Amino acid sequence: MDWRKCYDTCRRYNRRKRNSSGGSAKEIRKIHRNIGNNTQIGPNCQFLTPNHPIDYIERRKPIERCSPITIDEDCWLGGDVVVCPGVTIGDRCIIGAGSVVVKDIPSDSLVVGNPCKVVRKIQN
């Protein structure tokens, strides 16, 4: 996916009107294909895709890069979850409310915290 399209999609999703019933993965999946089927997204979740240079001189320039986010199938993100740039969340994961996802999450994991950590593997 083109980085600009990814950035614009996540920006629109993050700015949409919040409601108590939470977000819909179908809303963002219409144009952002990196969210798997049957994924549930709680209220006020944020998908942050832009990256800025670390060097302060480079940050002065209008440079921005986008790292796409991938969320596989059958995941559940609780309310107020923040997903950082370039992260991949595996199949059937549960991300606890208020968690900040900064690294890739393996499939079948229950993760919580800031930064989130795997609490245990989910067994079906």
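Helices (H or I, at least four residues) and strands (E, at least two) are DSSP runs, numbered from the N terminus. This is a predicted model, in which local features need pLDDT of at least 70, side-chain atom pairs count only at pLDDT 80 or more, and totals for chains, interfaces and linings use all residues. Residues are numbered from 1 along each chain as its sequence is written, and side-chain values use heavy atoms, with hydrogens and water left out.

**Figure 1. The protein chain as a whole.** The secondary structure comes to 3 helices and 12 strands. The chain has 124 residues, and 39% of them count as buried. Buried means under 20% relative accessible area, exposed means over 50%, and partly exposed lies in between (1.4 Å probe, protein chains only). The chain exposes about 7,400 Å², with carbon and sulfur atoms supplying 49% of that area. These areas come from the Shrake-Rupley method with a 1.4 Å probe; for residues, only the protein chains shown count as cover. Among contacts with a separation of 6 or more, 32% join residues 24 or more positions apart. Contact here means heavy atoms within 4.5 Å.

**Figure 2. The open sheet of 5 strands.** The strand order is S1-S6-S9-S11-S12, and the pairing is mixed. Strand S1 (40-41) and strand S12 (116-121) are the edge strands, each pairing on one side only. Two strands pair if DSSP finds at least two bridges between them. Strands of a sheet pair through backbone hydrogen bonds, either parallel or antiparallel. S9 and S11 run parallel, joined by 2 bridges. Within this pair, Ile 94 has Leu 110 of S11 as its bridge partner. S11 and S12 are antiparallel and share 5 bridges. Val 112 stands opposite Lys 117 of S12. S11 and S12 make a hairpin, with 2 residues between them.

**Figure 3. The open sheet of 3 strands.** Here the order is S2-S7-S10, with parallel pairing. Strand S2 (46-47) and strand S10 (100-101) form the edges; each pairs on one side only. Strand S7 (residues 82-83) runs parallel to S10 and is joined to S10 by 2 bridges. Val 82 has Val 100 of S10 as its bridge partner.

**Figure 4. The salt bridge between Arg 92 and Asp 108.** A salt bridge is a side-chain nitrogen of Lys or Arg within 4 Å of a carboxyl oxygen of Asp or Glu. The whole structure holds 2 salt bridges. In the one shown, the closest N and O atoms of Arg 92 and Asp 108 are 2.6 Å apart. Arg 92 lies in the loop between strand S8 (88-89) and strand S9 (94-95), and Asp 108 in the loop between S10 and strand S11 (109-113), so the pair ties together parts that are 16 residues apart in sequence. Arg 92 is partly exposed, at 34% relative accessible area. Asp 108, at 18%, counts as buried.

**Figure 5. The salt bridge between Lys 61 and Glu 58.** The two side chains meet at 3.2 Å, N to O. Lys 61 is partly exposed, with 41% relative accessibility. Glu 58 is also partly exposed, at 28%.

Figure 6. Thr 39 sits in the loop between helix H2 (25-29) and S1. Its relative accessibility is 7%, so Thr 39 counts as buried. A polar contact is a pair of N or O atoms within 3.5 Å; within protein, one must be able to donate a hydrogen and the other to accept it, and residues adjacent in sequence count only if both atoms are side-chain atoms. The Thr 39 side chain reaches the backbone oxygen of Gly 36 at 3.1 Å. A polar atom of that side chain also lies 3.0 Å from the backbone oxygen of Asp 72.

**Figure 7. The surroundings of Val 87.** Val 87 lies in the loop between S7 and S8. Val 87 is buried, with a relative accessible area of 1%. Leaving out residues up to four places away in sequence, Val 87 touches Pro 68, Ile 69, Thr 70, Val 101, Val 102, Lys 103 and Asp 104. Ile 71 is 16 residues away along the chain, and its C-alpha atom is 8.3 Å from that of Val 87.

Figure 8. A disulfide is a pair of cysteine sulfur atoms within 2.5 Å. The count by this rule is 0. For the sulfur of Cys 84, the closest cysteine sulfur is in Cys 116, 9.0 Å away and too far for a bond. Cys 84 is buried, at 17% relative accessible area. Cys 45 is buried too, at 1%.
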